Amino acid sequence: MMINGHVRSKLVIDHDDTFLGVVNSRDLTGRNVRSIAQKRSQSRSDLCVEDVMTSKSDLHAWPYSDIEEAKIEDILETPKEIGQQHVLLVGGDGGLRGMISASDIAKSLHIPVNIFQKAHSFKEIFAIIHEHEEMSA
C-alpha cells in the first residue's frame, strides 16, 4: 500500500475507525521487525502491523488551532525539537485531524531535513544505536 501510494507512513485504524497509531517504512524493515519476531518466536511474515507500529500514546500531538496560521518553516521546528518524524494534529474535541510529516514538509520546500531521534529511556537509546549501526552496515 505504501509503495503504491508513494508514501512512507500510514495511519493505523481498527475496524471501528478508531485511530491506533502510525506505521512507517522503517517500522516494517530492519532490526526492529527481526527482534519482535524473535521475541515472539514467530516468523517475520506472521507479524501484524500492530506489532511494529508506533502507538498513538507514543506520538506527540499538537492542537490544530495552534498551527492554522503558522508558516510551514515554523511547523518544521517541532518534529526537530521532539526528535520524531511525525506529529499528530488534534481538533478542539481531541479528535484526530491529521498528521504532519517532516519529510513531506522537506519535499515541499525542497530542503534537506534531519530528524535526530531523541531517547527518553535506556531502551530507546539502545534501539537508536542499533538502528544507526544497521543503516551504516
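In strand β2, Val 22 is the bridge partner of Leu 11. The model is predicted, so local features need pLDDT of at least 70 and side-chain atom pairs count only at pLDDT 80 or more, while totals for chains, interfaces and linings use all residues. Residues are numbered from 1 along each chain as its sequence is written, and side-chain values use heavy atoms, with hydrogens and water left out.

Strand β1 (residues 9-13) pairs with β2 in the antiparallel sense over five bridges; two strands are said to pair if DSSP finds at least two bridges between them. The two form a hairpin with five residues between them, and Asp 17 in the turn has a positive phi of about 65 degrees. A further antiparallel pairing, over two bridges, joins β2 to strand β3 (residues 54-55). There, Val 22 stands opposite Thr 54. Because five of the six residues of β2 (residues 19-24) are buried, this strand is largely enclosed by the rest of the structure. Buried means under 20% relative accessible area, exposed over 50%, and partly exposed in between (1.4 Å probe, protein chains only).

## Helix α1

Helix α1 (residues 31-39) has Val 33, Ile 36 and Ala 37 as its buried residues. Seen down the axis of α1, these fall within an arc of 100 degrees, so they line one face of the helix. The arc is that of the directions from the helix axis to the C-beta atoms. Gln 38 and Lys 39, on the other side of α1, are exposed.

The cover over the buried residues of α1 includes α2 (49-52), where contact means heavy atoms within 4.5 Å. After α1 comes Ser 41, with a positive phi near 55 degrees.

## Helix α5

In helix α5 (residues 102-109), the buried residues are Ala 102, Ser 103, Ile 105 and Ala 106. Viewed down the axis of α5, they lie within an arc of 160 degrees and so line one face of the helix. His 110 follows α5 and has a positive phi, near 60 degrees.

## The chain as a whole

The chain contains six helices and six strands. These are DSSP runs numbered from the N terminus: helices are H or I with at least four residues, and strands are E with at least two. From the N terminus on, the elements run β-β-α-α-β-β-α-α-β-β-α-α.

Of the 137 residues, 31% count as buried. Among contacts with a separation of 6 or more, 49% are between residues 24 or more positions apart. The chain exposes about 9,600 Å², of which carbon and sulfur atoms supply 52%; accessible areas come from the Shrake-Rupley method with a 1.4 Å probe, and for residues only the protein chains shown count as cover.
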